[in-house]
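Please look at the sequence and the structure shown below before reading on. The paragraphs that follow lead through them step by step.

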Amino acid sequence: MQDPNADTEWNDILRKKGILPPKETPKEEEEEEQQILQQSVVKTYEDMTLEELEENEDEFNEEDELAIEMYRQKRLAEWKANQIKNVFGEVMEISGQDYVQEVNKAGQGIWVVLHLYKQGIPLCTLINQHLSQLARKFPQTKFLKSISTTCIPNYPDRNLPTVFVYFEGEMKAQYIGPLVFGGMNLKVEELEWRLSESGAVKTDLEENPRKQIEDKLMSSIRCSIPSRRDSESEEDDD
């Protein structure tokens with residue numbers, strides 16, 4: 001007698017016509033199909049948000065629970081990472097003891113701007129005011145300040161103000177001394193541009209504000225100096 005489960009064209013025709021029952025699926029194939037199905041279901045968890053995982057919790061069976069928890073933890077870690085990028089927003093005061101934790105171990109993808117200052121130095125006070133504005137504008141950047149000798153023993157006052165820029169614990173830029181900042185005429189936009197050049201902030205300024213000031217200054221100087229032709233006319237009149 002011919003085996004009804006045999007893979008023959010004749011049996012296939014008989015199955016299509018309903019004469020033979022559907023071919024029995026071996027148990028191993030059933031288990032394999034079940035695994036593929038479960039994998040395809042679990043894969044959808046990767047595309048779910050935390051809210052969607054909670055909403056669909058009742059539809060998951062016990063076998064999927066471990067995989068669901070894994071993806072929930074993954075989504076939670078991603079959410080926390082995004083939150084970290086926006087928790088700063090102000091200039092935090094640190095001491096030398098905080099330096100390693102707050103600067104060198106700031107975390108992956110974190111830019112740090114550290115201002116070394118001393119009270120009683122007007123330019124240091126001005127930069128602290130500017131940094132407060134920039135910290136609110138760029139909350140993804142960590143802005144810190146520290147009294148110079150508290151952070152670095154015997155740090156010379158002639159080097160103040162000093163601004164260090166770090167990324168993932170490595171120094172990327174340093175601005176040392178009053179001349180670098182242009183003195184008390186320093187505008188917050190100029191400091192923003194300077195920090196953007198180091199990579200610490202993503203500015204929306206289109207060009208260096210200092211260049212605009214210098215252009216205006218040169219223009220006013222040219223206007224105040226009489227041209228040679230004007231001078232010759234005055235001499236002819238005499």
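**Aromatic pairs, sheet and helices**

The structure holds four aromatic pairs; rings of Phe, Tyr and Trp (its six-membered ring) are paired here if their centres lie within 6.5 Å, and planes under 30 degrees apart count as stacked, over 60 as edge-to-face and the rest as tilted. The rings of Tyr99 and Tyr166 have centres 6.2 Å apart and planes at 85 degrees, so this pair is edge-to-face. Tyr99 belongs to helix α5 (residues 99-104) and Tyr166 to strand β4 (residues 162-167), so the pair ties together parts that are 67 residues apart in sequence. Helices (H or I, at least four residues) and strands (E, at least two) are DSSP runs, numbered from the N terminus. Tyr99 and Tyr166 are both buried; buried means under 20% relative accessible area, exposed over 50%, and partly exposed in between, with a 1.4 Å probe and protein chains only. Together with Phe164, Tyr99 and Tyr166 form one aromatic cluster.

The model is predicted: local features need pLDDT of at least 70, side-chain atom pairs count only at pLDDT 80 or more, and totals for chains, interfaces and linings use all residues. Residues are numbered from 1 along each chain as its sequence is written, and side-chain values use heavy atoms, with hydrogens and water left out.

Strand β4 is mostly covered, since five of its six residues are buried. Six bridges join β2 to β4, and these two strands run antiparallel; Leu116 stands opposite Thr162 in β4. Six bridges also join β4 to β5, again antiparallel. Within β5, Met171 is the bridge partner of Tyr166, and Ala173 is that of Val165. The strands β4 and β5 form a hairpin with two residues between them, and Glu168 in the turn has a positive phi of about 50 degrees.

Asn128 lies in α6 (residues 122-137) and is buried, with a relative accessible area of 12%. Leaving aside neighbours within four places in sequence, Asn128 is in contact (heavy atoms within 4.5 Å) with His115, Tyr117 and Lys145.

Why is α9 largely enclosed by the rest of the structure? Eight of the eleven residues of α9 are buried, so the helix is largely enclosed. Among these buried residues are Leu191, Trp193 and Leu195. Gly199 follows α9 and has a positive phi, near 100 degrees.

Key: Two strands pair if DSSP finds at least two bridges between them.
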